[in-house]
Every structure is written in C-alpha cells, then in structure tokens.
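Please consider the sequence and the model shown below. The paragraphs that follow lead from a single loop residue to the fold as a whole.

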Amino acid sequence: MGHDISGFNKAGKEIAYARFSMGNYNAHILYSLLDADQYNGGVSGIGDAAAFSVKQMEKALDAYNQLFGKRDSPSGNNNLPWDQKQILNFILNCLATAKKEEKVRVCFC
C-alpha cells in the first residue's frame with residue numbers, strides 16, 4: 001500500500017509523479033496543498049482522478065511556499081529533503097502543463 005499520485009496532460013502522458021509509503025505523512029501534505037483531501041484513502045489514494053486549473057495549481061504552489069519557503073523553480077532545489085523536492089516538482093510540472101493546456105488531470109491511487 002502507498003500513495004501514487006500522477007499528473008497527466010490532455011494526451012494522457014504522465015507529466016508528474018509522486019510516491020509515498022502508506023505511513024509517510026508527506027502524502028497528506030500533498031493532498032492538502034492540492035485541496036484534495038477527499039481523494040486520500042488513508043493508506044493510499046482512493047483510485048479516482050480530478051482536473052486542476054492553473055488557478056488551483058498556483059494556489060498549491062503558494063501554499064507550498066508558505067509552508068516550506070519560497071520555491072518556484074526546479075533548479076537549485078537539490079538541497080531540499082526528498083519528499084519536499086518531489087512535492088515541489090510535482091506541483092511545478094502540473095502547473096506548467098495547466099498553463100499550456102488550461103488544466104491538468106491528477107490521479108490519486
């Protein structure tokens with residue numbers, strides 16, 4: 001069991017991925033940043049997906065920056081703890097796709 005959270009573009013290509021073990025609290029942080037707690041099944045995602053707009057992904061990035069400090073670029077983030085880095089990269093990749101395509105689909109498994 002664990003949390004596999006994936007972002008997909010309109011063509012169905014995976015553009016972002018975050019993986020957390022079932023006991024890793026950082027999974028709950030990502031659900032919260034995305035305002036997607038309803039997709040959190042506790043030990044894993046509930047197996048459902050949702051579309052996120054640019055505005056929603058910008059809000060997630062703002063919340064990340066408030067929680068962990070301002071980060072808005074994948075470059076220079078190599079000194080972050082692993083889970084903070086994967087959360088940030090997930091949000092940034094989803095935001096970039098949403099900006100190109102108006103939305104991004106996120107699956108919570």
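Ser44 is placed in the loop between helix H1 (26-33) and S3; helices (H or I, at least four residues) and strands (E, at least two) are DSSP runs, numbered from the N terminus. The model is a predicted one, in which local features need pLDDT of at least 70 and side-chain atom pairs count only at pLDDT 80 or more, while totals for chains, interfaces and linings use all residues. Residues are numbered from 1 along each chain as its sequence is written, and side-chain values use heavy atoms, with hydrogens and water left out.

Is Ser44 buried or exposed? Its relative accessible area is 14%, so Ser44 is buried; buried means under 20% relative accessible area, exposed over 50%, and partly exposed in between (1.4 Å probe, protein chains only). Not counting residues up to four places away in sequence, Ser44 touches Met1, Gly2, His3, Tyr31 and Cys109, where contact means heavy atoms within 4.5 Å.

The protein contains three helices and four strands, arranged along the sequence in the pattern β-β-α-β-α-α-β. The four strands form an open, antiparallel sheet in the order S2-S1-S4-S3; two strands pair if DSSP finds at least two bridges between them. From one strand to the next, the twist averages 20°. Axes are lines fitted to C-alpha atoms, for helices over the stretch in contact, and angles run from 0 to 180 degrees between N-to-C directions.

Within the sheet, strand S1 (residues 2-8) pairs with strand S4 (residues 103-108) in the antiparallel sense over four bridges. Gly7 has Val106 as its bridge partner in S4.

Helix H3 (residues 82-101) lies across S1, S2, S3 and S4 and runs at about 155° to S2. The end C-alpha atoms of H3 are 28 Å apart, which agrees with the 28 Å that its 20 residues should span at 1.5 Å a residue; the expected span is 1.5 Å times one less than the number of residues. Just after H3, Glu102 takes a positive phi of about 80°.

For the whole protein, 45% of the 109 residues count as buried. Among the contacts with a separation of 6 or more, 60% are accounted for by residues 24 or more positions apart. The C-alpha atoms fill a box of roughly 30 × 30 × 20 Å, taken along the principal axes.
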